[in-house]
Amino acid sequence: QVQLVESGGGSVQAGGSLSLSCAATGSIFSVHTMGWYRESPGNEREYVATIIRDSSSSYGESVQGRFAISRDNAKNTVYLEMDHLRPEDTGVYYCYATIRTTGSGEPMEYWGEGKQVTVST
């Protein structure tokens with residue numbers, strides 16, 4: 001059984017910073033891609049950032065230059081540092097990871113439970 005446990009988030013005024021982390025736990029053989037999406041009321045799920053095992057990363061256009069994704073492979077954890085936050089960054093942030101479990105074949109995608117980020121004016 002694999003779980004992604006998120007922590008962090010919260011509320012901040014515009015221009016401030018918040019961080020998120022997401023730890024993969026359970027019967028893990030290897031963790032491949034890790035990343036973040038977000039959802040806000042009335043909007044579709046939006047891509048935020050991805051990082052692969054060698055730490056190559058990519059970002060959604062709306063967060064490029066303001067957010068930074070990183071990972072600790074030894075801890076199977078992905079982080080998201082969010083700076084210069086804007087009200088439109090408000091939403092529930094979900095982490096995901098592509099994980100191969102012990103004794104399994106192909107990697108599968110797992111999702112965290114989501115963390116609220118609220119940015120006020």
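Here's a quick tour of the strands in this structure and how they pair up. It's a predicted model, where local features need pLDDT of at least 70, side-chain atom pairs count only at pLDDT 80 or more, and totals for chains, interfaces and linings use all residues. Residues are numbered from 1 along each chain as its sequence is written, and side-chain values use heavy atoms, with hydrogens and water left out.

**The four-stranded sheet**
- Four strands make an open sheet in the order β1-β3-β8-β7, with antiparallel pairing (strands are DSSP runs of E, at least two residues, numbered from the N terminus; two of them pair if DSSP finds at least two bridges between them).
- At the edges sit β1 (2-8) and β7 (67-72), each pairing on one side only.
- From one strand to the next, the twist averages 15° (axes are lines fitted to C-alpha atoms, and angles run from 0 to 180 degrees between N-to-C directions).
- Take Arg71, for example: its bridge partner in β8 is Val78.

**The β4-β5 hairpin**
- β4 (residues 28-39) and β5 (residues 46-51) run antiparallel, with five bridges joining them.
- Tyr37 has Tyr47 of β5 as its bridge partner.
- This hairpin has six residues between its strands, and Gly42 in the turn has a positive phi of about 85°.
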